[in-house]
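Morning, everyone. Please bring the model up on your screens.

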Amino acid sequence: MDSDAYLKTVSTGIFALLAALATFCYLVDPFWYNRKVSIPGFNAVKPEFKRYERHVKPQIVRRERPAALVFGNSYAEIGFDPLHPALTRSDRHERGYNFGLAGADWERVYCSVRFALEYAAPKRMVIGFQPGHPFPAVDCRMLMAEMEHLPVAALLLSGKAIKASLRTVKGQRRMPTHTAEGLFYYTRFEVDEVERRFRADFARYLANLRPDAPCLLKPRAAVVPPDFDPSLGTTIPADLAGLQDLVDRLARAGVETRLVAYPVHALRAEADIACGFADLRWEALLSVARTVRAADPEGRWAEVWDFQGYDPDLLEPIRDNQTRLWQDVGHFNFEFGNRLLDRMFGLGEEGFGSRVEPAAVPALRAAFFRDRATFLESHPGFMREFADLIASCRKTS
């Protein structure tokens, strides 16, 4: 064989090998990017997706241009089903996608929303937030560049793609981490670990207090903060310029937006009450509501919602293999999130949760503590459960 024939044979072999590898990676689709083939036992479970979701989710949003989107950190990524009819208006057959990202900070959420406004066609959004966190103005150039550029070669021919494809085929017996629409399962399938995670979260809470902090030594049902005067402003030095800018952009784009303060389990909320932190939530809600209304004066596009309270779902007993709605003190499953979506978009029951307007915050706060007093009077076992939980955490911390 002469040199030309040899080179031609080698080149053909290399090309065939690369084509075969690219085809294999395309079919396996370990990062859930191509979304063309889904075969149980071959590639239906995507164990590698969670490692690359920050790269892949923006590309899916840009290509599929969903009408309904969810943004936030893991609370939103776990708690809101992007295909729920209240969000997607199922009669219109709209697409929905969960653009939440585990561990996402405000900068990431803000820039993800900006990305969706630029590259998709959103009609409806849910943006989760943790009360008390700042929402500053953000320079998105670096994050936008990261989200915009994803070379196809990285998905088909890179070493990471090939390894991820092999791991995906081998990992089909694992439980799924996400749905195709971006909903995160997290520890949903570890139903025998709920109590341990609850105690671990409370142990971390206690670790952040002073060692001699007396607030949780003898939990008392009578703890009620003094009257709340919104005219005095808030004690939270939060920067909300970025939130106002974002709501202004969403209102100008005609996007129906719901900003929701993440609820936590009532046991966790009780710890904040015992330690004097309860009003931080109300002050934060007041600041957010004022900021949103400044950006959308008529309240036509953006609403702020809060669901903290004494609804039975927020009081679900924490028992291994029995707890259905909570994975720990803050991560709620989408079955509970469905109720939030229904209420925020006009399909849910009255009396569950509250739309937060600046002028209504004092009344909402007063109603919360009235509900608490009524609940504790009729459920004396709740404070015993809370005290036992704290005591068990102190012993192990």
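Start with Trp326 and Phe336: both are buried. Buried here means under 20% relative accessible area, exposed means over 50%, and partly exposed is in between, with a 1.4 Å probe and protein chains only. A word on provenance: this is a predicted model, where local features need pLDDT of at least 70, side-chain atom pairs count only at pLDDT 80 or more, and totals for chains, interfaces and linings use all residues. Residues are numbered from 1 along each chain as its sequence is written, and side-chain values use heavy atoms, with hydrogens and water left out.

Now the rings. A search of the whole structure gives 24 aromatic pairs. The criterion: rings of Phe, Tyr and Trp (its six-membered ring) pair if their centres lie within 6.5 Å; planes under 30 degrees apart are stacked, over 60 edge-to-face, and the rest tilted.

Take Phe115 and Tyr119. Their pair is tilted, at 4.7 Å centre to centre and 40° between the planes. They sit four residues apart in helix 5 (residues 106–119), so about one helical turn separates them. Helices (H or I, at least four residues) and strands (E, at least two) are DSSP runs, numbered from the N terminus. Phe115 has 0% relative accessibility, so it counts as buried.

Back to Trp326 and Phe336. This aromatic pair is also tilted: 5.7 Å between centres, 40° between planes. Trp326 is in the loop between strand 5 and helix 13 (334–344), and Phe336 is in helix 13, so the pair ties together parts 10 residues apart in sequence.

Which residues form one aromatic cluster? Phe80, Trp305, Phe307, Trp326, Phe332, Phe336 and Phe352.

Next, charges over rings. The rule is NZ of Lys or CZ of Arg within 6 Å of the ring centre and within 35 degrees of the ring normal. Arg339 puts its charged end over the ring of Phe352, 3.8 Å from the centre.

Last, strand 5, residues 302–306. Five of its five residues are buried.

What does strand 5 pair with? Two strands pair if DSSP finds at least two bridges between them. Strand 4 (residues 256–261) runs parallel to strand 5, joined by five bridges. Strand 6 (residues 354–355) pairs with strand 5 in the antiparallel sense, over two bridges. Look at Asp306: it stands opposite Ala261, and also opposite Ser354 in strand 6.
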